Structure formats: C-alpha cells, structure tokens
Amino acid sequence: MPHSDAADAGQSGKSRLRWWTELPLLVLVYAFYTAGRLLARGDESTAVEHGLAILDLEKALRINAEHPLNRLFRNEIWIGVPADFWYASLHYVVTPALLVWVFRRRKEYYRWARTWLMSSTVIGLIGFTLMPTCPPRLLDKKYGFLDTMAQYSDYGWWGGEASAPRGMSGMTNQFAAMPSLHVGWALWCGVILWYLGRGRLSKAAAVVYALGTTIVVMGTANHYFLDAVAGAATMGLGLLVTRPVLRLAQKVRVRVQERFAPATVTAPVAAPSSAIVGAKCQTSAGERIPGQRQEAQQPTAGPADRGADSEEAAGESAPAAAR
C-alpha cells in the first residue's frame with residue numbers, strides 16, 4: 001500500500017521524471033506484453049482442458065457465479081450491451097488515465113505505481129505462458145455459456161469472433177484467460193483511487209470500478225471466477241516485488257550514469273605560503289604553532305634593560321617578608 005516509505009522508494013535517486021522518457025518505456029512494456037501474449041497462445045486442446053478443470057473445481061466449491069451472470073447479461077440487453085462496452089474499452093482508458101493523473105498530481109508515488117503495474121503485467125504474461133486457458137465463451141455450448149460480445153456485436157466495434165476490433169481477431173490470444181488482467185488492472189486502479197484520491201467520491205469509484213469489472217468479465221463469459229481471483233493474486237505478487245524492482249532499477253541507473261558520465265578533472269590547489277590565524281599571529285609553511293611576530297619587529301632590549309627586568313621579576317616572585 002502507498003505510504004511514506006513507498007514514496008521514498010519511488011523517488012530513490014532523486015532523478016527528475018520526464019514524460020518523454022516515461023512514455024517510450026510504457027509503450028515498450030505494453031508492446032512486449034502484447035507480443036508475449038501472441039507467442040504464448042498454446043495448444044487449443046490443452047487450453048480447453050484447463051478451462052474445464054477450472055469449471056469443475058468451481059462447481060465442486062460451489063463458486064461458479066459465471067452461469068447466472070451470463071444468463072442475466074444475455075437475456076437483458078440493457079445490461080449486456082453496456083457490459084460489453086465496459087469490457088472492450090474501459091481498461092484501455094481508465095488505466096492510462098490514472099497513470100497520467102498520478103504523474104501530474106501525485107508525482108512522489110508515480111514510480112511506485114508504474115512499477116507495480118508493470119511488474120504485475122509481466123507476471124500475468126508468465127501465467128498466460130504456463131497455463132493457456134480457454135475462456136467460458138469458447139467452450140462447447142453444452143456447458144451453458146454464450147458469448148455476449150458476439151451476441152451484441154452489432155452495437156459495438158468488436159467482432160463476433162473475439163473481443164478485438166473487427167478484422168483484428170487474429171492479433172489476439174484467445175486463450176489468455178488465466179489470470180484475468182482485466183480484474184488485475186481494475187484492482188490497481190481501485191487502490192490508486194482509494195489511497196491517492198481525495199474524498200468519498202474517489203473511494204466509491206474505486207470500489208465500483210474494481211467490483212464492476214469482476215462482474216463484467218464473468219457475465220460476458222470472458223473469464224471464470226478463479227481467473228478473477230488469480231488476477232488479484234497477480235497484483236498482490238506484483239506489489240511484493242515492486243520495492244526490490246525499484247532498488248534494482250536504481251542500481252542500474254547509477255551504474256549507467258557512472259559508465260557514461262564525463263570524467264571531471266580537478267586542478268590541485270596550492271598550499272598558501274602563510275595564513276593569517278589571528279590579528280597578530282602568522283604561520284609559515286613549516287610552522288605547526290603560530291607565534292607572535294610583533295615581538296620580533298620591536299627593537300632588541302639592552303643588557304641594562306634585561307637586568308632591570310630580571311630584578312623586577314625576581315622581586316615579584318620573592319615571598320613577602322614576615323611581619
């Protein structure tokens with residue numbers, strides 16, 4: 001959760017944030033994520049086996065909320081159509097909008113928020129690779145699911161064969177259901193709104209968006225309930241590795257700066273021949289204790305004067321006569 005330590009970690013190195021360096025970084029990570037999803041498509045039969053195994057486990061635990069939600073969405077057009085728009089668009093709008101807001105208004109938390117989001121996304125990509133999963137909408141109809149995005153495709157820009165825009169279904173991984181990053185990113189947005197926003201409205205929006213997205217992904221038959229649970233767990237794991245990733249990034253940043261920073265040559269400073277220590281005290285280059293130079297400048301006392309001085313000193317130091 002964001003607090004002062006997280007803010008300190010986000011500002012490690014005190015290097016200034018620049019939008020023209022952040023934007024290419026985010027684009028690069030998202031391109032890597034998209035390419036990884038395409039490369040991790042997996043075998044269709046294996047993905048179907050994984051989907052059915054998840055469904056059987058949910059039935060055994062009696063947590064298969066997908067069936068009643070999917071029936072509601074496909075029977076009520078006033079629910080199904082907005083839900084399809086929600087699923088197809090909001091995570092592309094709300095997530096980057098909140099990231100920009102943190103960058104502009106709560107900059108001390110930006111590195112923490114950005115690193116958490118990016119780390120969790122990479123972890124989700126690992127999940128897609130290790131466990132390709134067929135979503136409920138692609139299972140055989142005998143399992144009782146209907147693809148609402150295909151049913152209501154005439155109302156939106158998406159095609160009937162995928163949740164992607166028409167003609168671009170081949171550029172998506174249909175078996176990237178486990179974990180649900182729709183839910184994971186919505187949870188990230190909810191945490192950002194809850195902790196960094198101000199007022200009850202932002203807290204209410206945090207709850208509505210995170211919970212609403214979880215309901216939408218199941219009602220549209222794009223994810224199982226356990227996919228949503230895995231999406232939340234992915235964000236939790238991403239939060240745990242955020243601080244180590246920030247420390248590693250800081251070390252790399254320092255190494256790069258040391259490697260490419262121009263060497264600075266400083267000229268040696270010559271020691272002064274003498275320095276004024278006090279009003280009448282001077283030290284030469286080889287002296288350790290300053291001496292009075294005023295006496296050296298006065299005329300040398302004669303023998304008579306030295307004798308008189310000696311007698312006065314002896315008189316002062318002699319004990320007083322006893323009375």
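## The largest nonpolar core

Among the 25 residues of the largest nonpolar core, those touching the most other members are L98, V102, W112, A113, W116, W188 and I192. Such a core is a set of buried Ala, Val, Leu, Ile, Met, Phe, Trp, Tyr and Cys residues joined through side-chain atoms within 4.5 Å; buried means under 20% relative accessible area, exposed over 50% and partly exposed in between (1.4 Å probe, protein chains only). At least two residues each come from α5 (77-105), α6 (110-130), α8 and α9, and α8 gives the largest share, nine residues. Helices are DSSP runs (H or I, at least four residues) numbered from the N terminus.

This is a predicted model, in which local features need pLDDT of at least 70, side-chain atom pairs count only at pLDDT 80 or more, and totals for chains, interfaces and linings use all residues. Residues are numbered from 1 along each chain as its sequence is written, and side-chain values use heavy atoms, with hydrogens and water left out.

## Aromatic pairs

Rings of Phe, Tyr and Trp (its six-membered ring) pair if their centres lie within 6.5 Å; planes under 30 degrees apart count as stacked, over 60 as edge-to-face and the rest as tilted. By this rule there are four aromatic pairs. One of them, W86 with Y209, is stacked, at 6.0 Å centre to centre and 10° between the planes. W86 lies in helix α5 and Y209 in helix α9, so the pair ties together parts 123 residues apart in sequence.

W112 and W116 form a tilted pair, with 5.5 Å centre to centre and 40° between the planes. W112 is buried at 5% relative accessible area, as is W116 at 2%.
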